[in-house]
Amino acid sequence: MKPAAVHARLTSFLPPTPHPPPSSSLSTSFRLNYWKWRCCASSIESETSDSSSRTDSSGVFPPWFSVAPMMDWTDNHYRTLARLISKHACLYTEMVVAETIVHQQDNLDRFLAFSPKQHPIVLQIGGSNLKNLAKATQLANTYNYDEINLNCGCPSGRVAGHGCFGARLMFDPKFVGEAMSTIARNCDVPVSVKCRIGVDNCDSYNELCEFVDVVASNSPTRHFVIHARKALLNGLSPADNRRIPPLKYEYYYALLRDFPDIKFTINGGITSIDQVNAARRQGADAVMVGRAAYNNPWSTLGHVDTTIYGAQSTRFSRRQVLQQFQIYGDSLLLENDEKRKPNIRQLVKPLLNLFHSEPGNGLWKRKADTALRNCKTIELFLKETLPAIPDHVLDSTILKTPDSSSCSDDFADVLQLLPPPYTNSKQKINSCLM
Ligand SMILES: Cc1cc2nc3c(=O)[nH]c(=O)nc-3n(C[C@H](O)[C@H](O)[C@H](O)COP(=O)(O)O)c2cc1C
């Protein structure tokens with residue numbers, strides 16, 4: 001890598017902290033702030049109109065923008081990269097199945113350890129066995145995550161079919177309430193659910209409300225992440241289940257109207273910071289982005305600190321980001337413990353999207369292919385591949401906010417499409433008796 005004066009603000013990015021992680025003051029203050037985010041009744045308007053009011057006195061931000069949990073994608077290596085680009089985005093882990101945690105008690109760091117720099121960070125767990133969920137939460141609690149989230153949205157056959165969890169759990173809201181109570185009892189951080197707007201034919205707005213209502217009434221869950229398309233459990237692959245069922249953002253906005261005491265994060269099909277802002281202008285509590293944050297991390301995450309949080313950007317160039325990533329990656333490759341040592345392909349995987357749509361991107365990927373066959377360190381990998389990228393791309397920083405003339409109006413009509421307000425079963429019976 002071309003020698004460049006390492007900026008004074010650059011601090012080394014350490015690999016995942018082995019258990020037990022040092023308790024960090026950032027984590028503690030994030031929890032306080034998170035609680036405030038969940039409880040405060042102030043409107044988005046007052047949260048966003050004045051940038052000085054976007055943090056509490058701890059200087060830590062609520063999770064207005066988060067990166068979605070994505071199996072095989074949002075691992076420690078990706079999250080390290082993401083944190084170098086955005087200091088404030090909330091990061092979710094990949095789903096970790098409760099049984100994995102319970103059965104790998106001698107090897108927990110592999111699944112649960114992370115660098116304290118990754119705060120705010122949410123652990124997503126999967127499962128449907130209460131005893132295992134309880135034990136897994138207890139074990140995970142010592143790692144200092146900022147929230148624990150239960151996966152109620154995964155449609156894959158292995159999870160929702162054979163495993164009987166993920167999206168299948170939406171058929172049984174009472175059980176999810178019980179599971180969330182169990183998780184909450186075994187940790188000391190907030191708990192949340194990530195779900196679809198429906199499953200198979202159980203897909204009316206009222207059924208979605210019943211799910212939220214029953215889960216919230218039977219547990220301390222006050223935060224739901226809503227992937228705004230339903231899941232089809234038979235016949236569609238997980239990838240098709242993220243593409244084919246239509247997005248119904250109107251269901252999400254109706255939830256905000258019908259459950260004013262609960263926080264909802266909108267997810268699904270949001271591909272740019274313009275759209276994130278548009279969703280927030282329309283009143284969304286918070287926005288979660290998945291594929292765009294992975295496939296184009298620089299453009300998606302690079303604007304989060306400035307545009308969403310009104311804070312300074314890291315002012316890193318991609319050259320500086322890569323220098324920091326190299327320190328992280330090469331220290332892991334030097335690891336003596338073979339169990340903890342990743343292979344270079346795993347480490348490099350999230351870097352491969354860093355120059356999305358930039359000049360030299362095609363050549364960089366071809367060079368990466370060759371370099372991965374013979375390079376043993378990230379330093380050598382970067383030395384062999386980066387000549388493909390022009391200096392002006394490597395050295396530019398994200399300073400500009402996205403062009404406001406291209407303001408997205410994707411959510412402009414959504415309030416006209418809202419379904420009728422939710423009436424729960426008890427209300428229905430009462431109105432029949434009147
Ligand atoms: C490769 C991949 C893996 C995923 N794994 C998970 C997962 O472990 N848990 C989960 O709740 N959702 C998972 N999802 C779904 C995402 O969290 C998100 O809900 C979905 O991609 C829609 O958001 P997007 O349109 O912004 O990508 C995954 C998505 C992808 C692309």
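A: This is a predicted model. By class, the shell around the ligand is made up of 10 nonpolar, eight polar and four charged residues. In total, 22 residues surround the ligand, and the closest are Ala68, Met70, Met95, Gly290 and Arg291. Two elements give two or more residues to this shell: strand S2 (90-97) and helix H12 (291-295).

The strand to look at next is S7. Five of the five residues of strand S7 (residues 263-267) are buried, so S7 is largely enclosed by the rest of the structure. In a regular strand, side chains alternate between the two faces of the sheet. In S7, Lys263, Thr265 and Asn267 point one way, while Phe264 and Ile266 point the other way, and all are buried. Strand S6 (residues 223-227) pairs with S7 in the parallel sense, over five bridges. One of the residues involved is His227, whose bridge partner in S7 is Asn267.

The last part is a helix pair. Two packed helices are described by the angle and the distance between their axes. For helix H8 (residues 173-185) and helix H9 (residues 205-217), the axes come within 8 Å and cross at roughly 35 degrees. The crossing of H8 and H9 is right-handed. On the H8 side, the contact is made by Pro173, Lys174, Val176, Gly177 and Met180, and on the H9 side by Glu210, Phe211, Val214, Val215 and Ser217. Sorted by class, the contact of H8 with H9 has six nonpolar, two polar and two charged residues.

Notes:
Residues are numbered from 1 along each chain as its sequence is written. This is a predicted model: local features need pLDDT of at least 70, side-chain atom pairs count only at pLDDT 80 or more; totals for chains, interfaces and linings use all residues. Axes are lines fitted to C-alpha atoms, for helices over the stretch in contact, and angles run from 0 to 180 degrees between N-to-C directions. Helices (H or I, at least four residues) and strands (E, at least two) are DSSP runs, numbered from the N terminus. A crossing is left-handed if the near helix is turned anticlockwise from the far one by less than a right angle, and right-handed if clockwise. Two residues are in contact if their C-beta atoms, placed from the backbone, lie within 7 Å. Ala, Val, Leu, Ile, Met, Phe, Trp, Tyr, Cys and Pro count as nonpolar, Asp, Glu, Lys and Arg as charged, and the others, Gly among them, as polar. A residue is near a molecule or strand if its C-beta atom, placed from the backbone, lies within 6 Å of it. A residue is buried if 20 or more other C-beta atoms lie within 10 Å of its own, exposed if 12 or fewer, and partly exposed in between; C-beta atoms are placed from the backbone. Two strands pair if DSSP finds at least two bridges between them.
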